[in-house]
Each structure stands twice: as structure tokens, then as C-alpha cells.
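Here are some notes for a colleague who is meeting this structure for the first time. Please read them with the sequence and the coordinates open alongside.

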Amino acid sequence: MGAIIIRRLFAAIPVLFIIVSLTFVLMHNAPGSPFTSERHIPAPIMAALERKYHLNGTFGQQYGQYLWDLAHGDLGLSTQYRNRTVNEIIAQSLPVSMVLGTLAYAFALMAGITLGGLAAVRQHRAGDRWIVFLALLGISIPNFVLALLLIRVFAIDLNLLPVAGWGSLDQLVLPAFCLSVPFVASLTRLTRGSLIEVLRLDFVRTARAKGLPESAVLFRHALKVAILPIIGYSGPAIAGVLTGSIVVETIFGIPGIGPFFVNSVLNRDPFMTCGVVLIFGLFLILCNLAADILYFVVDRRVNLQ
Amino acid sequence: MALRDVLPRSRTLALVAGLPALGLLLLGAFFYAWGGWTLAVPADLTIANGDEPQTLDPAIVTAQLDQRICTAIYEGLTSSDPAGNIVPGVAQSWEISPDGRTYTFHLRPDAQWSNGEPLTAGDFVASWKRVLDPATASDYAYQLFYLVNGEAYYNRTITDFSQVGVKAPDDHTLVVTLSHPTAYFLQLTAAMQTLFPVHLATVREYGDDWTKPGRIVGNGPYVLKAWRLNDYILLEANPHYWRPVAIKRIRVLPVRDANTCFNLFYSGKIDLILDQSSIPPVLLPDIRKQPYFHPNPIGATTFVRFNVKRHPFDDVRVRRALALALDKQDIVDKIIRSGEPVARTLVPPGNPGYIPPAGLPHDLDEAKRLLAAAGYPGGRNFPDVTLLYATKGTGPAIATEMQALWSRDLGINSIHLRGQEFKVYLNSQSSTDFDLCISRWIGDYNDPQTFLDMFVTGGGNNDTNWSDPAYDQMLADSESTPDPVRRMQILQGMEKILVEDQLPIFPVSFTVGAVLYHPGALGGFASNFVDDHPWGDLYIPGKK
């Protein structure tokens, strides 16, 4: 299996290369330069700026220079945050998003699987209907609406939690919950659907016929099979949640990497944009690989090739 | 199936719940050790700043948000008091030669860097040389083109820095020679961080990384103690500053979202909001009635640019008609809603010694007459033109209202909206790729010059294709005359050409910002036209 994983990792390199190249070309052709501002910059000063940030010369020279730096692990200078490298910005903000994302997704897994399981075993009863309704609501309600409602109720009216900020555990509660809601909803629906299907299968009937307690039937036999679609869903979902959310991080004033995905483009910060795209691509590839491996571990029928 | 059947001890359950929990615990522990949870540090005052600083290197800084923090960490030759008056900074006195071109600054003999080293006139010479070195990549290097040979040195037409107009005859005297008498030069030394001193030994040691906490050396009222990206900045009183400050620790929060910022203020986590963009626009009418609201008129004007090379705006009658007809009162009342006054001139009020021209009134009849005379009676046959604006803030709403007003009042139905994302908009504006364009200009210093020199022929911020040799000559005259009264008269004449006669632009409103703080909780704050509020002068009433 080790060889397969290594082969998959090597196959990721051309994918990342293509992603970064496309981003670079797009940023290079975006109207307006990183240094455009309301004040006109005299030509010699503009030339000095472009030289300093390796944005002078032909497209080929700039692209070659960037790839050369990239091969050495240097993601370049940020043109927006002038005293920082892209490496430094990512190193400071990515862990913040990862902590928040881990918390959110861990909660989503626990809540989603529990709720989905409950709904499946009580199918068509009142509990099931409520859970399905809430899951639909959770998927439909936009993050920013939910965030503002939660802030209004829990932070302003009840004064239980801080309205925003980063640095203490209570400041994690609202943003993590907010971030997890769409995942809770999706995971609930996934688990419910998958479990309902599995509970109808022959091996479940056999297990029951053997006289196993219902809990053993459910957890030891049914859930093990029903969990497969959740693994598949979780790969890209975790990649997304770990690399931050612009909405949640902006509303709660969290110093994560999420806002850079949009703001670096608005600021025409070319290397920063390439950097975050690269990070997201890397996470996506790694998480999908992890999901495939988990599939393989859980279900021996899966071929990793 | 009963619920109790589903809740047994089970390994799968332990796995489902336990693994993520364990992972989380580990990650949390790692992060704790890594030092992420340090916001518990106490501060006496928390100030909202609308975004993460781009840089704290005074030679490079351009954004107002960054300039605020720089003014706390560094100090120029002169400084501003809370009311915006020029007061001594590092220089305790100065003399200006009769021709207005030579400034002799006498530095405080006890001036020190925040590491205790003496701050000398030579530090200014070296810092200005650094700005004029293209390798420093300073956007505002041209602020030193006022010096004799400043521009020549930047462009490397001369390579000997001793020919540039700044000299340090001794440690406490700095002699600056300008190429023109520049009446507002003492404002530049107070407000333009480009002219602030930097500690060269630190810059040389750490390169681009010198502005990090623990490394940075400044000379202002505060020292940078902590700086976490997008999280917070902590400033602490500088013990080596020449006068004591009342507030020992200031925390700065870079909160981008207006709702978040106002929520933090509302729940007492932020003490001072300095920007209107940090206040949700929908709440503004209510917030304006609160005791913590303080209007902050600043030296900035919203105006409309015409592209005078494009038909029909090559005809001054059409430009006049549109300017006369626009119901600006409607726009400030319905759209901007922050109590901004209507503008008839480009230069905002509040420039000492300057008497602005009258400007054009709101005169619909005259506008209709002019439009008819230009060949478009009742707006008929008016060609298709576009109105360029930036799709941020109130930009789209103002543009839509203008379009509606010109349609209602002049019968022109062929003005089309063209909203663009900010940087694209700036690009279109600077390449004069527009017919009509909604613009704003924030003065660099408190002097009409910063508004009027834009429209010199070929000026970098002209952006209208307009050119008038008489105007250019007047600008040159105003720059060379050492007589301040005469100079203001010339500037008045220039503005008259701009807003009454030629109209390559017409003004719409004077910017009024909003500042929030509870009156009993903060003192030492005053609104002023340069929008410069020295943090070293703030105090907490009762704690002073």
C-alpha cells in the first residue's frame, strides 16, 4: 500500500503545477496592478516597485522566476502586506483556520452521525421528521444569516459569549458552531439515507435472526457499511473546512486564512493568490487520498489503484 | 425499536466520537504551546482599525490605517496636536528663510530612539536618502521630490547625495533646501510618514523584516510590543519619548467587517472607532442620534470627472448643464446620509487663509437652457454615455441616484451605469476610459494645493484629459511666489476656472466621517480636517 500512496503523491505534483500556472496566468492578466491606488505613482517609482517584487520583465521571466522560487519552497513576497512573505502569512493564519475547522468538523461528525442514525432507526416517526426538517434548514440557511442571528441572541441579548475575536476558548464556540451547521446537516442526511438502505439488507436480517441485540446490529454491522459515503463526503469537506471560511472568519474577526482567498484577488496580490490556491489544492489532494485509504481500510473490496 | 437500544457501550461509538475528540485535544494542546492564545494581555484602550496594516515601515506606508499606527511609533520633525495644528515634534523650533525655500530645524538635544540611542540630524539625512533609493521601493518617494535635486537623485541623473537639499551641519541641526517655496512643508513633515526617521542600523540588520516586534526601533510615543496578523497589535508607551503619555497600553484590532466592528464597540470590547466604513450604513441614521457618535469632517471631496475628449462632454455647455442640474442635496440626504454638506467647490472648507470661489448653484432652468443650446433640448438626441463608479460602499447607490436625477430633471435617458470592482475602476479612471466618473479625493495635507495641482496638464491624477495653459501657468506662479496672500489668491483663481468656468469636474459633497467613543470614557480627541488624531494625546478622564 505504501508504494501506491507514494505514487499517488507524485501524481499530485503535475496537478498542483497546472493549478498554480493557471492562477498565475489569470492574476497576470487581471486589470489593475497590485500597486494601483487612488494616487498616481510616477513611472520610475512604479518601475522600482515592480523590480522589488519580481513583477518586472516579460511574462516568461516572471513565471520562470516564480517557479524557480516555488521549487525552493519560497512562495514569494506579498505585494499587499509589504513586510511579509507569503510563507509567513500562511504559517500564521493557516493554523488558526485549522483549529477552528477541526473543531467544527469533529462536532459535525458527532452530531451528524448521531442525528442521522436516530432519524434512520425512527424512520417516518415524529423524531425523524424533525431531524429531516432541521437538516434541510441547516443546508439552506446561509452562513452569514446564521452567524448574525447567533451573535444577536447569544452575544448581544443573552451576553453569554463574545461577539467576535480570537484568543480564548469561549470565542471559539459561535464560529465553530456556525461553520459546522451545514456539515451537520449534510452528514445527517447522508447517514440517514445510507443507514436506511443498509438496514434493509440481508446481512442485517441475519444478524437480527442470530439474536444479536439491536445495538450490536446497528453499530457493529450496519453502521460499518453505512459509514462509507460519509468517508467519501468528508475528504473534500475537510479540505474545505481546514482552509478556512471567508464568511465565518470575517464576521467573527478570526485571523485565519479564509479571507485571503478573496481579498488577495481584490488586492491583486499575485503570489498570495497563488499561495492560497496551492494550499487548498494540496489539502484537497491529501484529504481525498486519506479518504481513499480509509475506504480501503474499512472496505476490502475497494482497490486503491 | 426503542431509543435505549441505540445507546449502548460500543467500540464503534467510541471510535466515532473519540478519535476526532482526541485529535482535537492534541491540536489544541499544540496550538496552546505554539502561543496562539495570548489576547488575554490587558490594554487600557482598544482602537478599531479597519484592516490589517500593509506595512509599518514609514518609508513605504501609504494607507491611512497604517499611517495612524506609524504616527504612534514614529515622529517627524513636526507633529500635529489633536486639533490638527502643527506643533514641534523632533524639532523643537525652526526658521524659514525669506524666500521660503530653506528650512532650518533645531532638533531636541535629548531626542532619543526607543532603544535609548540619541536621535540626530544625521538620522534624518540617512532616512531620506533611504526613501530616495529606488531599491527601497517607496510609493511616496515623490514626497521628497520637493527637495533640491530630490527627483534627480531618485532617477539617478545625479549620484552624489550631498547635492540633495538636506544637510546636517551638526547633530541637532537639519537644513532642508526646497526647489520651490512650499508653504505646506511643515505639514508634510508632520503628516507624511515618508519624511519620518528610521533607525538605519535596525533596517540594515533585518532587511524587510525589521518592523517586527522585538526588532523595530522608533522614536514616537509608543513602541510596538506585539503584532499578530489580522489579530491584534499591542502598543506600549515608549519610555524614551520626550514627553509622557497618559495611556500606557493600546490594543489595535484590525476588524474588516462593519457589523463585527460595531458589535465589538456595542459590547464594550472596542473603545474607539475612527472610520465610517467600520459602521454598518443601515444603522448610521440611528447611531447619529447616540451620545457616542461624533461627526468628523475631513478634507475630502466627492466629485464627478468628465472626459473632456469625448463627445458630448467636449462641449463646456453640456458639462455645465449636468453640473447645474444635479440635485446634490437629494444625494446627501437620501444616499450618503451621514450629514455631509453639499459641495460647490472642490477644496473643502477649513483651509486657513483660503477664500474659495462661489461655485455653481443648483439652477435647473439655466441647465435646461444650456442643454438646449448645445443641441439637446429636453435631453433629446443625447448620445449614449456611461457613468463609471466603484462597486463598493455607497458608490452604486450614488451612481443610480445621479442617473435617475439627470433623467428626471434634464430628460436625459441615455446615461448608462458602469460599475467596476475597485482596482478595475481605478485602472479605467487613470486611463480615462470613461465618459463620466464618480471620484473622491482625500487631501494629503491641509492646503488647497493638494486638490488643485491634480488638474495640471498631464498631471498623474488629472484623469480628465483637460488642459488649460492659463491654469498651468497659475500653478507655476503659486509655487514660486513666497507671498502667502498672493499665493492663496492665485489658488482661488485656479479653482474658479475649475468649478465655475471650465468644469472638467464638478464637486458633489464634502466628506464627513464618523467617529465613535463614549464621551466619558475618552478624552484628548478632536475632529480635524487632516483626520490626524495623535494617540499620544489621548487620555481616559479620571485616570489622567
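Predicted model: local features only at pLDDT ≥ 70, side-chain atom pairs only at ≥ 80, totals over all residues.

1. Chain A is built from helices: its secondary structure comes to 13 helices and 0 strands. The C-alpha atoms of chain A fill a box of roughly 85 × 55 × 30 Å along the principal axes, and of its 305 residues 50% count as buried. Where contacts in chain A link residues at least 6 apart in sequence, 73% of them join residues at least 24 apart.

2. Chain B, by contrast, has 16 helices and 16 strands. Its C-alpha trace spans about 90 × 85 × 50 Å along the principal axes, and buried residues make up 56% of the 544 residues in chain B. For contacts in chain B between residues at least 6 apart in sequence, the share that joins residues at least 24 apart is 69%.

3. The surfaces and charges of the chains can be set side by side. Chain A exposes about 13700 Å², of which carbon and sulfur atoms supply 69%, while chain B exposes about 21300 Å², with carbon and sulfur atoms supplying 54%. Chain A carries 22 positive and 15 negative side chains, and the centres of these two sets lie 10 Å apart; chain B carries 46 positive and 58 negative side chains, with the centres of the two sets 7 Å apart.

4. Which residues have the most contacts inside the largest nonpolar core? They are F105(B), W128(B), L174(B) and V176(B), in a core of 130 residues. Helix α4 of chain A, residues 86-121, gives the most to this core, with 13 residues. Apart from it lies another core, of 58 residues, among them V332(B), V347(B), L410(B) and L475(B).

5. W128(B) deserves a look of its own.

6. Is helix α7 of chain B, residues 258-266, mostly covered or mostly open? The helix is mostly covered, since 7 of its 9 residues are buried, namely A258(B), T260(B), C261(B), F262(B), N263(B), L264(B) and F265(B). These buried residues pack against α6 (143-157) and α11 (246-251) of chain A, together with β1 (45-49), β11 (272-273), α8 (284-287) and β16 (505-516) of chain B.

7. The two ends of α7(B) can be checked as well. At its start, a side-chain oxygen of D257(B) reaches to within 3.3 Å of the backbone nitrogen of N259(B), and the helix is followed by G268(B), whose phi is positive, near 80°.

8. The side chain of Q429(B) makes a polar contact with the side chain of R305(B), at 3.5 Å. Not counting residues up to four places away in sequence, Q429(B) touches R305(B), L388(B), F434(B), C437(B), I438(B), S439(B) and D463(B).

Terms used: Residues numbered from 1 in each chain as written. Chains lettered and ligands numbered in written order. Heavy atoms only, no water. Core = buried A, V, L, I, M, F, W, Y, C linked by side-chain atoms within 4.5 Å. Buried < 20%, exposed > 50% of the residue type's maximum accessible area, 1.4 Å probe, protein only. Helix = DSSP H or I, 4+ residues; strand = E, 2+ residues; numbered from the N terminus. Contact = heavy atoms within 4.5 Å. Polar contact = N/O pair within 3.5 Å; in protein donor to acceptor, adjacent residues only side chain to side chain. Areas by Shrake-Rupley, 256 points an atom, 1.4 Å probe, with all protein chains shown as cover. Lys, Arg positive; Asp, Glu negative; His and termini not counted. Charge placed at Lys NZ, Arg CZ, Asp CG, Glu CD.
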